[in-house]
Each structure stands twice: as C-alpha cells, then as structure tokens.
Amino acid sequence: MSEGKVNLYQDFVSSTMYVPNMAAGGGYGFAGSSSTLYYISRGGSDTVINLRACNTYSNRFKKMANDYFKDCNDLIDKINSKYFDRYGIQSVVNYYNEDCN
C-alpha cells in the first residue's frame, strides 16, 4: 500500500455466518461483515504491528504513534492536533516517509 522508511499494509477480511432470521418470520439466512486491517513496519524489517483500527484520533493510535514516530516531532504534533483525517493512516505514513528525516 505504501512503502518507504515505514511501510503500510492492508488486508481485507470478510466473514459470513449462517444465523437465525427472525425478521422474515423465522428460518435461517446468511449475514456477513467485512473490515480492513492495517499493519505497519519499518523498511527492511520482518516485524509488523497490527494497528487494529486506523482511527488516527483514537488514544490507542496516538500512543502507538508517539512511540513509533518518536524521531519526528512535527508528525506527532500533527497527529495530536488532528491535522490528518480521522481514517488517514496512509497520509500519516506518507508524511513520515516524505517529510521526516
């Protein structure tokens, strides 16, 4: 998805379950859900971190970012001030790769 000093990967996960369908007068039907998982790693490293949710406004993301991007104070300031879109994890990684030492 995005490669450089820090790499961003995404994986699409979907599941389908056979569940009771009470709204249609009984019986069973299929229900599904899908989500996108994001992973981040340093360039050249085989270790990835699962971001779980890529909400850049969440406390969990901010805590991870403060540690992971600690060598770029400008980026940390931008994350903490909500400079990036709520789901702009790719913008965060691109900023790091292009504008941080």
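A residue is called buried at under 20% relative accessible area, exposed at over 50%, and partly exposed in between (1.4 Å probe, protein chains only). The structure is a predicted model, in which local features need pLDDT of at least 70 and side-chain atom pairs count only at pLDDT 80 or more, while totals for chains, interfaces and linings use all residues. Residues are numbered from 1 along each chain as its sequence is written, and side-chain values use heavy atoms, with hydrogens and water left out.

One disulfide is present in the structure, a disulfide being a pair of cysteine sulfur atoms within 2.5 Å. The bond joins Cys72 and Cys100, with 1.9 Å between the sulfur atoms. Helices (H or I, at least four residues) are DSSP runs, as are strands (E, at least two), and both are numbered from the N terminus. Because the torsion about the S-S bond of Cys72 and Cys100 is about -60°, the disulfide is left-handed. Cys72 is buried at 7% relative accessibility, and Cys100 is buried at 8%.

A pair of aromatic rings is described by the distance of the centres and the angle of the planes. Rings of Phe, Tyr and Trp (its six-membered ring) are taken to pair if their centres lie within 6.5 Å; planes under 30 degrees apart count as stacked, over 60 as edge-to-face and the rest as tilted. Four aromatic pairs are counted by this rule. Tyr83 is exposed, its relative accessible area being 52%, whereas Phe84 is buried at 7% relative accessibility. Phe84 also pairs with Tyr95; the ring centres are 6.0 Å apart and the planes lie at 75°, so this pair is edge-to-face. Distant parts of the chain, 11 residues apart, are linked by this pair, with Phe84 in the loop between H2 and H3 and Tyr95 in helix H3. Both Phe84 and Tyr95 are buried. Ring pairs also join Tyr68, Phe69 and Tyr96 into a cluster.

Charged side chains were examined by a further rule: a charge sits over a ring if NZ of Lys or CZ of Arg is within 6 Å of the ring centre and within 35 degrees of the ring normal. Arg42 lies over the face of Tyr68, 4.3 Å from the ring centre. The charged end of Lys78 is placed over the ring of Tyr83, at 4.1 Å from its centre.
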